[in-house]
Amino acid sequence: MRIAIGQLAHETNTFSRVRTTVDLFKVWEWTQGEELLDRHTGVLDYLGGMIDRGEELGIEIVPTFAAMANPSGTITQETFQEAKNLLISSIMNAGKLDGICLFLHGAGVADGVDDIEGEILSELRSILGSKLPIVAALDLHGNITETMVKEADVLLGNIDYPHTDSYERGIEAIDITARMIQGEVNPEMALSKLPLLIPTTTSYFSPIKEINEWCEEWEKHPEVLDCTLFHGFPYSDIPHAGVSVITITNNEPSLAQKISNDIAAKIFEKKDEFYPILPSPKKAISYASSRSEMPIIINEASDNPGAGTPGDGTFLLKEMIAANIPNSCFGFIFDPEVAKMAHKEGVGSLIQVELGGKTDRLHGNPLKISAYVKSLSDGKFIQSSPMWNGSKVNLGRSARLLVGNVDIIVCSVNSQTFDEQIFLLHGIDVEKSSIVGLKSSHHFRAAFMPIAKEIITVDSPGLSSAKLSTFDFKNISRPIYPFDSILNHLISLTNI
């Protein structure tokens, strides 16, 4: 049995001014053939799960092409066409295949293409025909379309946010593909789209935790293969953005639709639970400073590079510098210019710089600081978080700057903070810190919840703010909650 694996993944924030190019993909991943296997073997991500499960079952896993970029703005048409063509041509040149397993994010947008995953699946299906199984794992932030459902045999999504189950979804993708090839199952998918747009919401707590439990209860049914809540990605201003549910049964299409509709209706009843009221950075720091236990983690969710923001926002960092709390640290801010200067001047030097605020003014102005260069690094480490554990990370030329009592880590590659490794690389033990500031919405929780005495999320202005009313949406389908009053979600479901 031969199954091809591949990846083309991007979470597109259409409000970002940073265009996504081949060069941005290559910062993260642009691999083919054996290089794909080398990069993902032993890593707890989607492709890592596919590789390991294939080996366990004696399946020949055929690596094709994998591209992944940190979330950013709309993908250029040239970039999308090049990546798509490489993926499809790699599959076509892979010899006789029995099935295909892919990781496609589900929230990718390119110039002129609102649904890149649907286009990829459609082209593959038109070339390969209806009989070859095509299975795709998706991120739970996927904005799901009817085209995706029509062209794929199976779409699987994360249950957990943080996505600590990516590896398991890769395993599941191989398992169901193998069962299809052997004639054991005939998957039937049913999609229910809701007129509901929600900010990024962790699965550690309700309402997501409770909704996932409803899905898991349905999965106990003997004919149900999978039931998944897709949160959608609210920062893609496209017609199909929003929450959805996919249920997959073994040859029971009516049951699949019934379950998806049932879960969708129950989700809509909880719609008002998705919109938190979050404190400002100043209020959060004031509260944290009153706590005797440490560390207190303050995450700036509104400038989360994992949702396509610049990563050089200064609102939280400005307040931390002003508060000047002993043994506090911030990790990290994206500013390659400052990192370069720190490396040029060297450890022990005092540098005068304008830190951050270089992409736009929405996320704050540059901070004029005098900083002591405490340590320097190449920004390379192995991710230790339960999410994507084992991944090789390269944040580029990095520096630890000391401003008053605040240690600040500056990096040359934009990313959210997943775990404590970037701190350890610069000699900072976050468990002994008083306050730890970082940029992330929820993925950091996988590594930091076990050590944090408390986590405080702040919501300053930014392109991943929980305040959806601050965004100038022009293309989302209407009516949609929370922007429109909707009494019966089923009426609107027919219009999406």
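Before anything else, a word on residue classes: Ala, Val, Leu, Ile, Met, Phe, Trp, Tyr, Cys and Pro count as nonpolar, Asp, Glu, Lys and Arg as charged, and the others, Gly among them, as polar. By that scheme, the lining of the largest pocket divides into 20 nonpolar, 19 polar and 10 charged residues.

The model is predicted, so to speak of a local feature takes a pLDDT of at least 70, side-chain atom pairs count only at pLDDT 80 or more, and totals for chains, interfaces and linings use all residues. Residues are numbered from 1 along each chain as its sequence is written, and side-chain values use heavy atoms, with hydrogens and water left out.

## The pocket

Back to that pocket. A pocket here is an open set of points on a 1 Å grid over the protein atoms alone, with protein on both sides within 12 Å along at least five of seven lines; a cavity is a set of points where a 1.4 Å probe fits but cannot get out, and lining residues have an atom within 4 Å of a point. Grid points are joined across faces, edges and corners, and a volume is the space filled by probe spheres set on the points.

The largest pocket holds about 960 Å³ of space. It has 49 lining residues, and those closest to its centre are Trp28, Arg39, Met68, Trp388 and Ser391. Which elements each supply at least two residues of this lining? They are β1 (2-9), α1 (22-28), β2 (29-32), α2 (34-40) and β15 (392-394). The largest share, four residues, comes from α2. Those labels follow DSSP runs numbered from the N terminus, with helices being H or I of at least four residues and strands being E of at least two.

## Two cavities

The count of cavities of 30 Å³ or more comes to two. The largest has about 40 Å³ of space, and its lining is Ile159, Asn212, Cys215, Glu216, Glu219, Cys227, Thr228 and Leu229. Both α8 and β8 (224-230) supply at least two residues each to that lining, which splits into four nonpolar, two polar and two charged residues.

The second largest cavity has a volume of about 30 Å³. Around it sit Ile285, Met320, Ala323, Asn324, Ile325, Ser328 and Ile435. Five of these lining residues are nonpolar, two are polar and none is charged.

## Helices that pack together

Two packed helices are described by the angle between their axes and the distance between the axes. The axes are lines fitted to C-alpha atoms, for helices over the stretch in contact, and angles run from 0 to 180 degrees between N-to-C directions.

| Helix pair | Axis distance | Angle |
|---|---|---|
| α8 (208-218) and α9 (253-269) | within 11 Å | roughly 160 degrees |
| α10 (281-289) and α11 (315-323) | within 9 Å | roughly 40 degrees |
| α4 (77-92) and α5 (116-128) | 11 Å | about 35 degrees |

As for the naming of angles, those under 35 degrees count as roughly parallel, over 145 as roughly antiparallel, 65 to 115 as roughly perpendicular and the rest as oblique. So α8 and α9 are roughly antiparallel to each other. Their contact (heavy atoms within 4.5 Å) is made by Ile211, Trp214, Cys215 and Trp218 of α8 with Lys258, Ile259, Asp262, Ile263, Lys266 and Ile267 of α9. That gives seven nonpolar, no polar and three charged residues.

The pair α10 and α11 is therefore oblique.

Most residues other than glycine have a negative phi, and most peptide bonds are trans. Asn251 is not a glycine, yet it has a positive phi of about 65 degrees; its place is the loop between β9 (244-250) and α9.
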